[in-house]
Amino acid sequence: MMKKLWPYTRGYRKWILFGVLCSASEAVFELLLPLVMADIVDTGIPSGDTGYILARGALMVLMALVSMSLGIGSAVFSSRAGQGFGANLRQAQYDHIQDFSFRNIEKFSTASLVTRLTNDCNMLQMSLMMGMRLLVRAPVMLVSALVLAVSISLKLSRVFLVAMPLLLVLIGLIVKHVSPMFSSLQERTDDVNLAVQENLSGIRVVKSFVREDYEEEKFRKRNDALRSTSERAFGFVVMNMPIMMLVTYGTIIAVMWYGAPLVQAGELEVGLLSTFFTYITQVLMSLIMVSMIMMMITRAIACAKRVAEVLDEVPDITDASASPGVTVADGSVDFDHVSFKYNDGSEKWNLRDIDLHIKSGMTVGVIGGTGSAKSTLVQLIPRLYEAQEGTVRVGGRPVQDYTMEHLRDAVSMVLQKNTLFSGTIRENLLWGDENASDADIEAACEAACAAEFIHRMPEGYDTDLGQGGVNVSGGQKQRLCIARAILKKPRVLILDDSTSAVDTATDAKIRAAFRTQLPDTTKIIIAQRIISVMDADLIVVMDDGRVADAGTHEELMETSEIYRDVYQSQQEGASIDG
Amino acid sequence: MAETKRRGPHGPGGHGGPGRGFQKPKDTRKTIGTLMGYIGRSKWLLLLVAVCLVLNTVCSIGGSYMLRPLIDDCIVPGDYPRLARTLVFMACIYICAALLSYTYSRIMVRVSQKATHAIRRDLFAKMQNLPLSYFDTHTHGELMSRYTNDIDTLTEILQNGMISLVSGVLTFVGVVAMMLYLSPILFLVTVFSLGLMLVVIMTVGKRSRRYFMAQQKDLGEVNGYIEEMIEGQKVIKVFNHESKARAGFQERNVRYRRSATNAQSFAGAMMPAMGNISHINYALTCCVGALLSIAFGLDLGSLVVYLQYTRQVSQPISQVSQQVNSILAAIAGAERVFEVMETPPEVDEGRTTLVHVTRAAGGSLTEAAGRSDGWAWKKPDGELVPLRGDVRFQDVVFRYVPEKTILHGISLYAKPGQKIAFVGSTGAGKTTITNLINRFYEIESGLITYDGIDVRDIRKESLRRSLGIVLQDTHLFTGTIADNIRYGKLDATDEEVRAAARLANADTFISHLPDGYDTWITDDGGSLSQGERQLLAIARAAVADPPVLILDEATSSIDTRTERLIEKGMDSLMADRTVFVIAHRLSTVRNSKAIMVLEQGEIIERGDHDDLIAQGGKYYQLYTGQAELS
């Protein structure tokens, strides 16, 4: 897993190296200090040599200063490396997501992609940073302390033979026990958050049906589960410290017992004995630190896996078979016996054997019941999804022949669930064409019937929309989205039920503007209301994934039972927007 | 049309994503007081923790002190029996210390989990009682982060932070006392380096905090950008905007990297700085101690012990200095949580309740023990008024925000069993009227009565139970399709669920789903179309079988053909009920008993279809296509 993420340290590897060197040498310096102290206690004091004591003291201060610089260096370098790595990783993921097809995006949910980009990346950058500071420091500390301890007294160092394995086994047992607890802890946390989130977005439903108690009960169960799981997990984690204490002090006591005869025999000085205690603490502390790092790594690996999933996801729609120079010649659209299903494993086709031919410049209406796959049909045109069978052609060529950039520049689509971004109205419109002049923008807004309300706004095109376009109404939002799509000057313009929140008169005005201002553009309009498509050159009636009928209004009134049915149902009352 | 989407002002700063700016608590004392209320519920356990902490500190300081008699009286003279006794004694002290430490940590896990469990529970319960206007003015992200960020930080602090703070202070006090006892002169050296540490903490800490704030701001921006762009990823693809999105992200990503590098460098430098000041202190103490030992005969044991204490004394200081930021952050978080809890709840002082009744032959009503076909209002004095569905508005004035009046003195009446329709432009106040019937909002003046009872006198729970609402924006919960329909009536049988689905014509598409009624829905039913979700919402209302029904654009996303298919179902759903209908298709409202045409918060026309056509007013114009609503 770590190997997979290593490439993303590019550009920061020298900081990793420097950081590691700094923290390693800092650890060594820190350990040499007690040795110098032992000199003072064992040589300085008995001899009464003030000069010697002061010299050694100065050496200690100097060493501490060096060690401080190294420590600060380690902090600075590890921050650089960690943050750099995190930034690389975020960017790489984000860039890769840009290549995702709709299907790729749907495979991960939006929320999970956000988590992977935010929390998971932060966790990983933190792990690298802390890892550089501690992961190096701990083993260096361990080894040097051991070496120094042995150099003081080989005999006494034998206590480590018992203490170290004992501590490792105990910690290992805890870690082994705790790590599955932490993954279930994460699940419990997710459960609680999901309950809150759904409650928030459905608060009107909850209140309307007086389900507050039911919701509280649902929450109570999850909250209880979270509490008991955390209590169990953390209850185990807190055993770390006392165990560490017991082993450390046990070792110190053993060293005193075995060390006393050595002191008596003159083999060991008292100062060195005290230094030995320090090394015991350091050795065992390093082991604890290693175990803590291990736990952090376990958590980081889970994050790394999730991040790697995004990075490994193969975009299923690519420019692989495209010829870069080919652009869309005209706005003709052809479906040659196209079949499509969202889920490859599913038996049911969402679109079955669609054979449909649209000439450039035509206005095409698509009508059909809920779930008849109207949206699915048009989404194949800009290659948002890939048909499993048959060929979709635009401008006479299969859509796979064009680069996605050329294809989607030529095929402009207003999605049913549309998004405006934070920023001004102008900034949002420029998405259609970043070089659009004010006149272009005005013309597009005029055509989309957006100009009138934009002009009424105090700041006109510079009005701030707020996140997700919260500052405009549903109908205004739809008109802005249409204007944005028109600005692209596409060969094919697709409106997926994009005027549902716009009143009939405005809807008619928009359609009239399409006729006069975009005569050469193929216009494909999905609508609920027959009046929106009545005057189209071709009306396609979809039913359960098939083209049930196609023709002009007059023809369909003659031949299509479904169409007549819908028409009559809508004639019973004019439709208004309210 | 989307009046249900009406939201109050969303300030640009209202978004509470994962990376909010660093905030200091406003009223620390009050927050801590409330917090103590939660922890205080385990006061005996806390007392035990305090005792354990004190004993543990005594043990660990005492344990170190034992080194002096060990060295001076046992090892140096070579008194082995005494050495053995002292070592056993020491072992006992350390075992006690370890047990004590485990005990208080374990108890704190329990105490803190219990407290945060209670806080989460209370916060959620509170959320259920908040008026809708609160949700209009606060984003979901903001409320979510109360649970995710704020309570999490709080748990962490309660579980570890508090203990290390208290034990830090105790250790510090204890160690200082021992140091003074061992050698007041050496203590001067210690005071010097402790002062140095404080200076470093102050200066570095101040700059570090500034960098930290910059980091939080940039992090917030990165996260905000990620959320917004990933949310709109499909639009990005449709507009070939990928490279722009990359560049935009890179800019923010790099800015965050820079500020975070600064902040983390400073924060990370703190530890080695403190650690090495403590080493310098150690070196100085060592020198001075050695000189003292030569000049004044300070015993070796005391010096060794003092040196041990020198290591211990600086630990609490760096510990506390590291905790201060997170403790402040946790308190600020707790404050935000408690702020939500202190928001005044929905007013609900009504005492009239909804009860099941049975009607005796003579027409007198008796309250039924279980379910029955009849409903009645039970007034506080025990009087039973049959529920008929008679809703009246008298001069109702209402505004969501003080600046803008939405309804200007609306009067209307719906007789039992009538179908009342509202027609009008966006913002005319149609949805508002239905929001007032079920008292989602409080009216400014005027009176709304339900079967002659002021709705304010009816318990909200009863009021809403009597009304079934199908909202335009359907919300589905994670669970099966059947679970979602059953939300209308929790104890509905499978057959009732199916019948409701058939009524709403949802049965057809449900049976096409891989697992039929047991199909698992996630993500607010993201895999279903708007129309399918609305059918489920209708089924949900149907299974609830309420006396009064409100349909707010309930069929707006259902195509007319399907709408005709469910018409029969809708008719039987609406039969013998008072129904309020908001629709933008005149076909949906045409057969209503009374149609109200609303304009800018006023009813400008009323009557049935034929009356209104005969009047030749706005409705006539709409119907004949001479006028349009915007």
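Me: Two strands pair if DSSP finds at least two bridges between them. With that in hand, what is the bridge partner of Arg393(A) in E5(A)?

Reply: Pro398(A) is the partner of Arg393(A) in E5(A). Strands (E, at least two residues) and helices (H or I, at least four) are DSSP runs, numbered from the N terminus. Strand E4 (residues 389-394) of chain A is joined to E5(A) by two bridges, and the two run antiparallel. Before we go on, this is a predicted model: local features need pLDDT of at least 70 and side-chain atom pairs count only at pLDDT 80 or more, while totals for chains, interfaces and linings use all residues. Residues are numbered from 1 along each chain as its sequence is written, and chains are lettered from A and ligands numbered from 1 in the order in which they are written.

Me: What is the order of the four strands in the open sheet of chain A?

Reply: The order is E2-E1-E4-E5, with antiparallel pairing. At the edges stand E2 (351-358) and E5 (397-398) of chain A, each with a single partner strand, so one side of each has no neighbour in the sheet.

Me: Over in chain B, how many bridges join strand E1 to strand E3?

Reply: Five bridges join E1 (residues 353-359) of chain B to E3 (residues 374-378) of chain B, again antiparallel. To find the place, look for Thr353(B), which stands opposite Lys378(B) in E3(B). E1(B) also pairs with strand E2 (residues 365-367) of chain B, in the antiparallel sense, over three bridges. There, Arg359(B) has Leu365(B) of E2(B) as its bridge partner.

Me: Now helices. At what angle do the axes of H7 and H10 of chain B cross?

Reply: Two packed helices are described by the angle between their axes and the distance between the axes. Here H7 (residues 184-231) and H10 (residues 300-342) of chain B cross at roughly 20 degrees, and their axes come within 11 Å. The axes are lines fitted to C-alpha atoms over the stretch in contact, with angles from 0 to 180 degrees between N-to-C directions. H7(B) and H10(B) are therefore roughly parallel (under 35 degrees; over 145 would be roughly antiparallel). Their crossing is right-handed, that is, the near helix is turned clockwise from the far one by less than a right angle.

Me: Which residues of H7(B) meet H10(B)?

Reply: Among them are Leu186(B), Met197(B) and Gly205(B), while the H10(B) side includes Tyr306(B), Ile317(B) and Ser321(B). Contact asks for C-beta atoms, placed from the backbone, within 7 Å. Ala, Val, Leu, Ile, Met, Phe, Trp, Tyr, Cys and Pro count as nonpolar, Asp, Glu, Lys and Arg as charged, and the others as polar.

Me: How far apart are the axes of H3(B) and H10(B)?

Reply: They are 8 Å apart, and H3 (residues 67-75) of chain B packs on H10(B) at an angle of about 155 degrees. That makes H3(B) roughly antiparallel to H10(B). This contact holds six nonpolar, three polar and two charged residues.

Me: Finally, how many residues of chain A are in contact with chain B?

Reply: 130 residues of chain A touch 134 residues of chain B. Helix H3 (residues 50-98) of chain A gives the most to the chain A side, with 27 residues. That side has 59 nonpolar, 49 polar and 22 charged residues.

Conventions: Contact = placed C-beta atoms within 7 Å. Parallel < 35°, antiparallel > 145°, perpendicular 65-115°, else oblique.
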